[in-house]
Amino acid sequence: MKSIFDDVSSNCSKLVTKTYSTSFSLATKMLYKVIRCDIYNVYGFVRFADEIVDSFHDYDKQILFNRFSDDLENALNDKISLNPILNSFQHTFHKYNIDKCLVDSFMKSMRLDLHKTKYLSEEEYKEYIYGSADVVGLMCLKIFVNGDVSKYEELKETAMSLGSAFQKVNFLRDLKADFEGLDRTYFPNTDLKNLDESSKQTIINDIEKDFQKGLSGIKKLPIEAKFGVFMAYRYYSQLLKKLKKTPALKIKDSRIRVSNPKKIELLMRSYVKYQLNLM
């Protein structure tokens, strides 16, 4: 029965989420069950695309990505795929009428990672972030508002800001892996070999502006999504706080993390803030 295969597919996306990101998995668990599965389906799709360009160094990434891209197109057109991750994603894509341009923009940014290593202008930087992060936030927003077009348009800009903030925190946290392991430089006009406090603070100020705008949108989310997204916001805010306290040169030589006990503490504190409407 097709329903059995669909259940297996969704369970695969859930497994991908739990295996690759304990923090995102924890935040997703805070969402209402009615939307949780669809967020897993989106994460599974974006994670697999990202893994191809970031991790499969012993294989021809271009060939693998092209195959994945072709399989994605077939999945969205045929409404089925023998790739369980793509099968679960196409189900969510059609269920919420997610805009195809969002998917195309995401794949465009992932494809850039196959060959582009430096972003020299603000325009290039913003375009990459839009495709790699903002559109993922917009896909999730479609789910959070249950396809409500007017609500989606109301919260669109804040969802993009939150996606940008999350991605920029990842960029700053992963400087070592991106710069030394993949020879990538995302921040324009920044000398990562000699990152100084002034350059670091400029990046952090930009992220904090995105966070501030993103939080205003979280407060307007439907109840089914609000606490889960607030939890993700709190986690990334904690990462940013640790990055602010870390000397600029040390950021490039280490990867800042939030420990599991701290994640649990954040969960409890976030729940109290949420219940008392102190977001």
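Where does K79 lie? K79 is in the loop between helix 4 (61-78) and helix 5 (84-95), helices here being DSSP runs of H or I with at least four residues, numbered from the N terminus. Good morning, colleagues.

The structure above is a predicted model, in which local features need pLDDT of at least 70, side-chain atom pairs count only at pLDDT 80 or more, and totals for chains, interfaces and linings use all residues. Residues are numbered from 1 along each chain as its sequence is written, and side-chain values use heavy atoms, with hydrogens and water left out.

I return to the loops. K79 has a positive phi of about 60°, although K79 is not a glycine. N146, another residue other than glycine, has a positive phi near 55°. N146 is placed in the loop between helix 7 (122-144) and helix 8 (149-173). With a relative accessible area of 61%, N146 is exposed; the term exposed stands for over 50%, buried for under 20%, and partly exposed for values in between, with a 1.4 Å probe and protein chains only.

I turn next to charged side chains. A search of the whole structure finds 16 salt bridges, each defined as a side-chain nitrogen of Lys or Arg within 4 Å of a carboxyl oxygen of Asp or Glu. One of them joins K100 and D104, at 2.6 Å from N to O. These two residues are four apart in helix 6 (residues 100-112), and so are separated by about one helical turn. K100 is partly exposed, with a relative accessible area of 28%, and D104 is also partly exposed, at 37%.

A second salt bridge brings together the side chains of R184 and D113, at 3.8 Å from N to O. This pair links distant parts of the chain, 71 residues apart: R184 is in the loop between helix 9 (175-181) and helix 10 (197-218), and D113 is in the loop between helix 6 and helix 7. R184 is buried, with a relative accessible area of 5%, and D113 is buried at 6%. Elsewhere, salt bridges that share partners join R47, D50 and E51 into one network. D50 and R47 are three residues apart in helix 3 (residues 33-55), which means a separation of about one helical turn.

The last topic is the aromatic rings. How many aromatic pairs does the structure hold? The structure holds 17 aromatic pairs; rings of Phe, Tyr and Trp (its six-membered ring) pair if their centres lie within 6.5 Å, and planes under 30 degrees apart count as stacked, over 60 as edge-to-face and the rest as tilted. The pair of F166 and Y236 is stacked, because the ring centres are 4.3 Å apart and the planes stand at 20°. F166 lies in helix 8 and Y236 in helix 11 (residues 223-245), so this pair ties together parts that are 70 residues apart in sequence. Both F166 and Y236 are buried.

F211 and Y233 form an edge-to-face pair, with 5.4 Å from centre to centre and 85° between the planes. F211 is in helix 10 and Y233 in helix 11, 22 residues apart. F211 is buried at 5% relative accessibility, and Y233 is buried at 15%. Finally, ring pairs link Y119, Y125, Y128, F171, Y186 and F187 into a cluster.
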